[in-house]
Amino acid sequence: MKRDQADNLPVVGSTSSSELGARPGVDITVGAAGNVALDASGMSVAPGWRNLDFTRIPRRLRPLVLGATGANSTSCFTMGVGPFQNGVIASGLELIPDQGQAPVTHGVIAPVQVVPLAQYQTDLGNTRTAWQIDET
Amino acid sequence: MVAHSPFGSPSFKLVAKGLVELHRLIIAGKDDSPEAESVRDALDAPLKALNATEKTRAQWLSEDLYSVSEPNSGTVQKQMTPQAQCQLNEALQARQDREWDRALELLRQWKDYVLPAQLSYLRGSIWLEAGDFAVAAAFYEHASKSDPENANYQAIYMHALEKSDPPSAWKIAREVLASEEKWAPVVVARAADIRINETRDASDAESARVRRELIPALERNLARLEQDQHAASRTSAYATTAGLLGFCHEFLENSGAAVTYYSRGLQVKPKEDGLLVARGILLYGTSPRAITDLEQAASLGSPVVWPYLFLAHHYLATSRFEQCRAMCETGLRMHASDTAKSQLEEWRAIAQAELGFSPDAVRAAFEAAVRLDPSNEVAKRNQDAFEASLRVLPARPHSKWERESEAAVRQFGLAERRYSFAA
């Protein structure tokens with residue numbers, strides 16, 4: 001995610017895939033009434049930064065990840081500790097790992113209930129201080 | 001024309017193209033731009049569709065592209081050693097054997113022993129043969145910029161670019177032709193070829209105008225090649241230039257001049273099948289040299305349908321039915337229009353009937369001819385004649401066939417290949 005140089009925390013937003021937030025219609029399904037849908041859509045996350053696509057990993061990390069081509073203005077962030085499994089991770093938000101064979105390398109942070117899109121974005125934004133840079 | 005076996009799924013091809021674009025933005029200092037972000041977004045889905053081999057290949061491709069986008073990043077040129085030479089030869093062999101991953105891997109291991117331009121050229125050649133023209137163009141462009149003195153790099157770059165991004169290739173071709181004296185003849189010839197291809201969908205008037213415009217430039221190019229015995233890829237550039245001049249004149253219906261230029265090209269490159277086919281078609285029905293040209297092109301394994309089609313007609317006309325049948329079958333394996341294939345099926349049917357094949361086999365070939373080209377009235381009449389002959393006792397599975405004249409077949413060939421010579 002894009003790093004705010006002022007405090008080294010992620011930039012909150014919903015216009016880019018590199019921001020802390022979800023792009024309506026791309027990351028999160030939004031119904032006609034403006035509420036989010038509970039269809040396992042949401043902001044993409046991975047169990048560890050090395051599981052991210054190499055095009056998302058900043059290219060300064062090329063010595064660690066072959067061919068990394070992410071922007072150097074982004075950083076790899078981590079939130080919380082514990083296994084990458086289904087469960088509530090913050091107020092109004094839950095982690096939903098992808099279905100499929102282990103090891104699962106992708107999941108989404110989805111709303112736990114039907115809420116207006118703005119509420120979901122606020123809930124995501126409220127996790128900002130819980131994210132820490134992890135590129136080791 | 002080179003036959004390519006697939007090197008990666010459609011998703012891999014999308015990823016490769018996106019990586020080239022991403023590295024282009026890195027070179028331009030725009031890797032943090034919204035444009036780069038949309039390239040990364042567009043790569044999300046195809047990246048997920050890659051299998052493990054393709055994912056590793058994509059990562060290595062990105063790594064190799066850094067030699068283009070971030071050159072001189074900590075690499076030190078090493079003196080060639082016998083071991084390095086041996087391994088690099090092995091890389092070339094792997095490329096020849098179409099083991100592209102292995103060829104690329106060997107180049108990576110021994111890259112410090114190869115000059116950057118040469119390394120990019122070799123990588124470009126592997127990707128070109130693997131059928132990924134966008135990646136090939138990226139490496140060739142780097143080779144050309146790293147060693148601008150090597151005209152072959154520029155020429156092959158333009159070729160790969162034409163395959164991957166025709167409008168950009170057209171632009172460069174125009175620039176080259178606007179200042180032809182500044183460029184090596186091999187580059188001018190390539191530019192003229194691209195310019196001709198650009199008019200493939202243009203009106204006849206526009207195509208004729210471009211060809212008329214190109215003729216003096218190509219003649220100057222030929223003169224330069226005649227004067228400069230040391231020009232880059234002289235033989236190949238000469239044959240291409242002469243061939244293009246022949247093609248321009250053929251299009252403008254100056255057959256005599258066209259044959260002269262094809263012959264000049266063949267003087268320096270006697271086994272150039274494109275030139276043999278071109279001259280063979282123009283002379284078909286008027287000179288026995290047409291047959292020797294076409295037979296030579298066929299024996300060289302020409303990848304186009306024409307030598308086989310014309311020879312099939314010739315063998316049919318001279319009652320060499322087994323040879324006719326063989327030519328039809330080879331021709332039918334080539335890329336060709338339905339009209340051309342219909343013709344081949346019809347002649348195959350006749351040859352089979354004459355050779356005593358079963359009526360079912362003959363009938364199947366006639367039916368294929370009519371199915372491929374419902375307007376092939378001669379095939380319909382020949383099939384009717386064949387069916388009628390079966391009703392006569394004792395049944396004779398052949399008849400007096402209606403045949404196309406040599407002039408008609410020549411006209412058909414000339415019209416069909418009018419826009420495809422430079423392919």
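**Figure 1. Chain B as a whole, starting with burial.** Of the 423 residues in chain B of this predicted model, 45% count as buried. Here, buried means 20 or more other C-beta atoms within 10 Å of a residue's own, exposed means 12 or fewer, and partly exposed is in between, with C-beta atoms placed from the backbone. Secondary structure in chain B comes to 21 helices and zero strands; helices (H or I, at least four residues) and strands (E, at least two) are DSSP runs, numbered from the N terminus. The C-alpha trace of chain B spans about 85 × 55 × 45 Å along its principal axes. As for contacts in chain B with a separation of 6 or more, 57% come from residues 24 or more positions apart; a contact is two C-beta atoms, placed from the backbone, within 7 Å. Chain B splits into domain 1 (1–68 + 81–164) and domain 2 (306–416), with bounds from an automatic or database domain assignment. The centres of these two domains, taken over C-alpha atoms, sit 46 Å apart.

A word on bookkeeping: residues are numbered from 1 along each chain as its sequence is written, while chains are lettered from A and ligands numbered from 1 in the order in which they are written. Since this is a predicted model, local features need pLDDT of at least 70 and side-chain atom pairs count only at pLDDT 80 or more, whereas totals for chains, interfaces and linings use all residues.

**Figure 2. Helix 1 of chain B and its packing.** Helix 1 (residues 10–27) of chain B has 18 residues and reaches 26 Å from first C-alpha to last, close to the expected 26 Å, where the expected span is 1.5 Å times one less than the number of residues. Its buried residues include B:F12, B:V15, B:L19, B:L22 and B:I26. What do the buried residues of helix 1 of chain B pack against? They meet helix 2 (34–48), helix 3 (52–69) and helix 7 (133–146) of chain B. Just after helix 1 of chain B, B:G29 takes a positive phi of about 70°.

**Figure 3. Where chain B meets chain A.** On this side, 15 residues of chain B are in contact with twelve residues of chain A. Helix 1, helix 2 and helix 3 of chain B each supply at least two residues of the side that touches chain A. Helix 2 of chain B gives the most, with seven residues. By type, the residues on the chain B side divide into six nonpolar, two polar and seven charged; Ala, Val, Leu, Ile, Met, Phe, Trp, Tyr, Cys and Pro count as nonpolar, Asp, Glu, Lys and Arg as charged, and the others, Gly among them, as polar.

**Figure 4. The open sheet of chain A.** Four strands of chain A line up in the order 3-7-6-5, with antiparallel pairing; two strands pair if DSSP finds at least two bridges between them. Strand 3 (43–45) and strand 5 (87–90) of chain A are the edges, each pairing on one side only. Strand 3 and strand 7 (residues 107–111) of chain A pair over three bridges, and A:V45 has A:G107 as its bridge partner. Strand 5 and strand 6 (residues 93–97) of chain A also pair over three bridges, with A:A90 partnered by A:L93. These two strands form a hairpin with two residues between them, and A:G92 in the turn has a positive phi of about 80°. In the loop between strand 6 and strand 7 of chain A you'll find A:P103, and the peptide bond from A:A102 to A:P103 is cis, with omega near -5°.

Figure 5. A:Y120 lies in helix 1 (residues 117–125) of chain A. Buried or exposed? A:Y120 is buried, because 28 other C-beta atoms lie within 10 Å. A:Y120 touches A:A22, A:I28, A:V36, A:P111 and A:V115, leaving aside residues up to four places away in sequence. A:Y120 and A:G21 are 99 residues apart in sequence, yet 8.6 Å apart in space, C-alpha to C-alpha.

**Figure 6. Two loop residues of chain B with positive phi.** B:R98, in the loop between helix 4 (82–96) and helix 5 (100–109) of chain B, has phi near 65°, a positive value in a residue other than glycine. B:R98 counts as partly exposed because it has 14 C-beta neighbours inside 10 Å. B:E253 lies in the loop between helix 12 (234–251) and helix 13 (255–268) of chain B, and its phi is near 65°. With 10 C-beta neighbours inside 10 Å, B:E253 counts as exposed.
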